[in-house]
Amino acid sequence: MSYPPETIKEKTSTLPEPAVVNAILDRIRQGEDSAFDELVALFQRPMFNLAYRMLNNYEDANDAAQDIFIKVYNSLDKFRGDSKFSTWLYTVASNSCRNRIRKRSRINQHEVTSLDEPFENSQENKLNIVDPSADAIEQIKHKEIKGLVETAISELTDDFQHVIIMRDIQHLTYEEIAQATESSMGTVKSRLSRARALVKDKLVNRLNR
């Protein structure tokens with residue numbers, strides 16, 4: 001499960017219907033090995049997108065997405081169906097990405113970003129949502145604004161960054177975010193409001209320079 005940089009999309013993949021997922025889960029529980037491959041195929045894009053947004057690094061996101069499904073495979077018996085599978089999966093995924101962020105932070109605490117960073121991890125190659133019918137000038141403007149938004153989100157603290165990614169990019173419900181982050185609904189809404197305000201302030205400051 002690996003995505004070339006040029007295939008990364010901004011648009012979030014539509015999550016499959018719960019009934020479809022539950023049918024696949026039943027087949028997995030019955031010992032049908034190929035059913036897990038189908039489960040991965042259904043969720044690999046949204047899991048990669050989430051990991052990419054949280055980690056802001058293509059290679060790390062690929063590794064994280066693979067780790068997520070390994071963890072799911074090894075702990076699938078812990079899913080009791082009390083919530084939607086997608087909610088449980090996002091909990092596993094967000095916890096996995098947070099652990100990576102903490103580990104990376106410890107390792108890179110005194111390091112600086114290399115000026116020789118590969119193109120696939122560069123700012124210019126981040127998720128492209130520019131309408132192909134737009135003229136060249138509008139495309140450039142769109143990319144510039146989008147780059148500013150991504151930079152602003154990446155500068156948020158983990159708690160703020162995670163909720164704005166899950167809500168405004170991955171389109172999870174407040175309840176799903178609360179479960180995934182092990183927070184109350186009130187906390188999620190408060191963090192999201194603050195995160196949006198911080199991003200707006202950062203954009204205004206940059207655009208007024």
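Okay, let's start with contacts, meaning heavy atoms within 4.5 Å. Among contacts in this chain between residues at least 6 apart in sequence, 69% join residues at least 24 apart.

A word on where this comes from. It's a predicted model, where local features need pLDDT of at least 70 and side-chain atom pairs count only at pLDDT 80 or more, while totals for chains, interfaces and linings use all residues. Residues are numbered from 1 along each chain as its sequence is written, and side-chain values use heavy atoms, with hydrogens and water left out.

So, what's in the chain? There are 8 helices and 0 strands, taken as DSSP runs numbered from the N terminus (helices are H or I, at least four residues; strands are E, at least two). Of its 209 residues, 40% count as buried. Buried is under 20% relative accessible area, exposed is over 50%, and partly exposed is in between, with a 1.4 Å probe and protein chains only. The accessible surface comes to about 12,200 Å², and carbon and sulfur atoms own 49% of that; that's Shrake-Rupley with a 1.4 Å probe, and for residues only the protein chains shown count as cover.

Let's go to helix H1, residues 18-29, where you'll find Pro 18. Pro 18 has a relative accessible area of 38%, so we call it partly exposed. Now look across to Lys 84: it's 66 residues from Pro 18 in sequence, yet the C-alpha atoms are 6.9 Å apart.

Next, helix H3, residues 58-75, which includes Ser 75. Ser 75 counts as buried because its relative accessibility is 14%. Its side chain reaches the backbone oxygen of Lys 71 at 2.5 Å.

Buried residues in H6 include His 162, Val 163 and Met 166. After the helix comes His 171, with a positive phi near 60°.

And what does H6 pack against? Helix H7, residues 174-181, at an angle of about 145° with the axes 10 Å apart. Val 163, Met 166 and Arg 167 of H6 make that contact with Tyr 174, Ile 177, Ala 180 and Thr 181 of H7. The axes are lines fitted to C-alpha atoms, over the stretch in contact for helices, and angles run from 0 to 180 degrees between N-to-C directions.

Terms used: Polar contact = N/O pair within 3.5 Å; in protein donor to acceptor, adjacent residues only side chain to side chain.
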